[in-house]
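Here is a short report on one protein chain. Look at the fold first, then read on.

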Amino acid sequence: MNSFVVDLKDPVAVDLADLDASKPVQAEGRAPFYVEISLWLNPDQRELWQAYAYWSVAVMRLHGGEYLGRRDLERTENAPDSHSVFAFPSEAAYDAYRNDIITTALADKRSQCVIDSEYSFPKDPGNLLLLGCTRDNSPKA
């Protein structure tokens with residue numbers, strides 16, 4: 001049974017054990033659909049953001065998404081706090097994630113954490129801003 005608990009007070013509550021992250025994003029010779037996200041975060045809501053980020057990655061995986069890495073950026077005027085890169089098997093899979101009932105139900109929690117966000121969808125993997133990105137078990141986006 002694929003299930004998880006969404007508890008925005010405790011990021012460990014997202015049980016990733018039941019999620020199948022073993023499926024590669026690139027399937028049957030199709031190129032993945034890449035998503036780059038730059039975020040400006042509310043400094044007063046860091047804990048809520050971290051919990052939301054764990055949940056978000058779990059739901060992305062349900063739709064075939066893969067977290068490729070993130071880059072925490074030095075805070076300067078007008079610069080984002082974080083830059084993350086994800087891949088989905090297709091644009092339709094990404095749209096399914098964005099329209100997932102859980103994603104839409106928790107949109108207000110995301111808006112408490114995120115002041116602004118900027119999305120890009122590079123077609124060529126060579127254009128990904130992965131330089132300096134880290135991939136760890138605690139994604140920030």
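In what order do the elements of the protein chain run from the N terminus on?

## Overall layout

The order is β-α-β-β-α-α-α-β. That comes to four helices and four strands. Helices (H or I, at least four residues) and strands (E, at least two) are DSSP runs, numbered from the N terminus.

This is a predicted model: local features need pLDDT of at least 70, side-chain atom pairs count only at pLDDT 80 or more, and totals for chains, interfaces and linings use all residues. Residues are numbered from 1 along each chain as its sequence is written, and side-chain values use heavy atoms, with hydrogens and water left out.

## Burial and contacts

The protein chain has 141 residues, and 40% of them count as buried. Buried means under 20% relative accessible area, exposed over 50%, and partly exposed in between (1.4 Å probe, protein chains only).

Contact means heavy atoms within 4.5 Å. Take the contacts between residues at least 6 apart in sequence: 79% of these join residues at least 24 apart.

## The nonpolar core

A nonpolar core is a set of buried Ala, Val, Leu, Ile, Met, Phe, Trp, Tyr and Cys residues joined through side-chain atoms within 4.5 Å. The largest one has 22 residues. Trp49, Phe86 and Phe88 touch the most other members. Strand 1, helix 1, strand 3 and helix 2 each supply at least two residues of this core. Helix 1 gives the most, with eight residues.

## Aromatic rings

How many aromatic pairs does the structure hold? There are eight. Rings of Phe, Tyr and Trp (its six-membered ring) pair if their centres lie within 6.5 Å; planes under 30 degrees apart count as stacked, over 60 as edge-to-face and the rest as tilted.

## The cavity

On a 1 Å grid over the protein atoms alone, a cavity is a set of points where a 1.4 Å probe fits but cannot get out; lining residues have an atom within 4 Å of a point. Grid points are joined across faces, edges and corners, and a volume is the space filled by probe spheres set on the points. The count comes to one cavity of 30 Å³ or more. The largest cavity holds about 140 Å³ of space.

Its lining has 16 residues, and Ile37, Ser56, Met60, Tyr97 and Arg110 lie nearest the centre. Strand 1 (33-41), helix 1 (46-62), strand 3 (82-88) and helix 2 (91-98) give two or more residues to the lining. Helix 1 gives the most, with five residues. The lining divides into 13 nonpolar, one polar and two charged residues. Here Ala, Val, Leu, Ile, Met, Phe, Trp, Tyr, Cys and Pro count as nonpolar, Asp, Glu, Lys and Arg as charged, and the others, Gly among them, as polar.

Why does threonine 103 count as buried? It does so because its relative accessibility is 9%. Threonine 103 lies in helix 3 (residues 101-105). Leaving out residues up to four places away in sequence, threonine 103 touches Trp55, Val59, Tyr97 and Arg98.

Glutamate 36 is in strand 1. At 6% relative accessibility, glutamate 36 counts as buried. Glutamate 36 and valine 85 are 49 residues apart in sequence, yet 4.5 Å apart in space, C-alpha to C-alpha.

Alanine 51 is in helix 1. Alanine 51 counts as buried because its relative accessibility is 2%.

Methods
On a 1 Å grid over the protein atoms alone, a cavity is a set of points where a 1.4 Å probe fits but cannot get out, and a pocket is an open set with protein on both sides within 12 Å along at least five of seven lines; lining residues have an atom within 4 Å of a point.
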